[in-house]
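Hello,

Here is the structure I promised to pass on. My notes on it follow below.

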There are 2 protein chains.
Amino acid sequence: MAEGATQRRSRITPEREAELYEAVLDLLREVGYDALTMDAVAARTKSSKATLYRQWGGKADLVVKALRHGKPGRLDEIDTGSLRGDLHALVALEDDCTMERNSALMRGVAMAMHHNEDLRQAFREQVIDPEMGGFRQVMRRAVDRGEIREDCPALEFTLHMMVGGFATRALLDDQPPTRAFLISYIDAVVLPALGVSPH
Amino acid sequence: MAEGATQRRSRITPEREAELYEAVLDLLREVGYDALTMDAVAARTKSSKATLYRQWGGKADLVVKALRHGKPGRLDEIDTGSLRGDLHALVALEDDCTMERNSALMRGVAMAMHHNEDLRQAFREQVIDPEMGGFRQVMRRAVDRGEIREDCPALEFTLHMMVGGFATRALLDDQPPTRAFLISYIDAVVLPALGVSPH
């Protein structure tokens with residue numbers, strides 16, 4: 001991992017990498033995953049396709065790395081001392097405007113995953129699995145503190161509950177998820193399901 | 001409504017209508033919403049486009065009616081005497097094979113809704129709003145029986161929880177939602193969040 005990072009840095013600076021990812025996210029918003037081409041990324045960022053392929057291997061990997069790069073903060077750096085504090089801090093990583101932009105982006109990508117096995121696999125390996133790892137730490141600490149019972153059946157569904165609240169807001173209410181919505185949802189659904197008082 | 005139904009029947013039999021809806025769902029599975037054309041529906045069902053437009057007005061309405069037609073049973077006909085019984089009965093309306101087919105179909109349509117305002121509106125009016133109405137009845141009875149407290153904060157998120165479990169199963173676990181999964185999820189998440197014992 002460290003070696004790979006060194007190799008990457010020898011070819012491309014972190015600033016340049018961030019610029020590329022921003023351009024990929026812009027393109028993704030403009031045309032969606034299916035219509036996004038490596039040619040368009042190369043043209044937009046004034047890079048050669050050879051460089052893009054050497055650096056990322058392909059479109060799925062490039063897009064997923066760009067999505068991961070665009071995520072603010074890291075779940076596994078949150079440790080407020082209570083589960084409620086941790087989940088609220090997680091929601092506060094993004095302001096409402098960023099959340100709305102990312103929510104639209106993620107819905108588009110989630111739908112593209114539906115028929116792109118390579119995108120689905122890259123997303124699972126590079127976004128879902130690490131997020132699940134971060135979640136497990138948050139939950140582990142809540143269990144260790146005695147906030148959640150070790151055998152609480154809702155434990156294995158924590159991520160389903162969180163992602164479900166985020167994903168269904170737009171579909172069911174025709175409104176983007178906001179911090180206020182997600183905090184109400186955490187207090188009304190996630191904590192009670194885990195047997196944790198929301199007060 | 002009754003008059004509209006009579007007018008419809010004067011033009012097209014219920015059997016023919018069911019046949020048309022099946023053809024629309026088949027086409028939707030084959031090519032997706034965006035690539036589905038009224039021409040293709042007319043060709044596949046040997047109808048005239050004029051008939052299709054007279055009957056349904058447009059693609060969004062036709063597709064949403066077909067989706068609604070394909071849904072087995074009705075939520076508001078379920079009344080087992082307990083909330084757990086009602087939610088389990090809801091899950092049992094579809095067998096796993098149907099659920100897997102419908103889950104794939106719904107993900108495709110949810111993606112198309114993302115950039116088709118007319119589809120989103122038709123889906124909301126003809127599927128989500130009636131489902132929410134059915135849900136409210138189920139919840140109302142549970143409150144009236146004293147199973148759920150009137151002021152339970154999770155009440156307004158019931159549909160988010162249910163749809164969230166269904167929708168995130170494929171995304172997070174790369175597995176289609178099954179009855180067994182949904183029953184575990186209802187018992188572990190939905191009922192405890194509502195303050196109802198899952199036993």
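Which residues lie nearest the centre of the second largest pocket? They are A:Leu28, A:Gly32, A:Tyr33, A:Gly108 and B:His114, out of 20 lining residues. A pocket here is an open set of points on a 1 Å grid over the protein atoms alone, where a 1.4 Å probe fits, with protein on both sides within 12 Å along at least five of seven lines; lining residues have an atom within 4 Å of a point.

Before the rest, some ground rules. This is a predicted model: local features need pLDDT of at least 70, side-chain atom pairs count only at pLDDT 80 or more, and totals for chains, interfaces and linings use all residues. Residues are numbered from 1 along each chain as its sequence is written, chains are lettered from A and ligands numbered from 1 in the order written, and side-chain values use heavy atoms, without hydrogens and water.

**The pocket**
The second largest pocket holds about 450 Å³ of space. Helix 2 (14-35) and helix 7 (96-113) of chain A, and helix 7 (96-115) of chain B, each give its lining at least two residues. Helix 2 of chain A supplies the largest share, eight residues.

**Chain A**
Chain A has ten helices and zero strands. Helices are DSSP runs (H or I, at least four residues), as are strands (E, at least two), numbered from the N terminus. The C-alpha atoms of chain A fill a box of roughly 55 × 40 × 30 Å along the principal axes.

**Its domains**
Chain A is assigned domain 1 (2-66) and domain 2 (71-193); the bounds come from an automatic or database assignment. Their centres, over C-alpha atoms, are 26 Å apart. Ten residues of domain 1 of chain A touch 13 of domain 2 of chain A (contact: heavy atoms within 4.5 Å).

**The two copies**
A rotation of 180 degrees, with 0.1 Å of shift along its axis, puts chain A on chain B at an RMSD of 0.1 Å. The two copies are thus related as by a two-fold rotation axis.

Best wishes

Terms used
Least-squares fit on C-alpha atoms with pLDDT ≥ 70 in both. Points joined across faces, edges and corners; volume = space filled by probe spheres on them.
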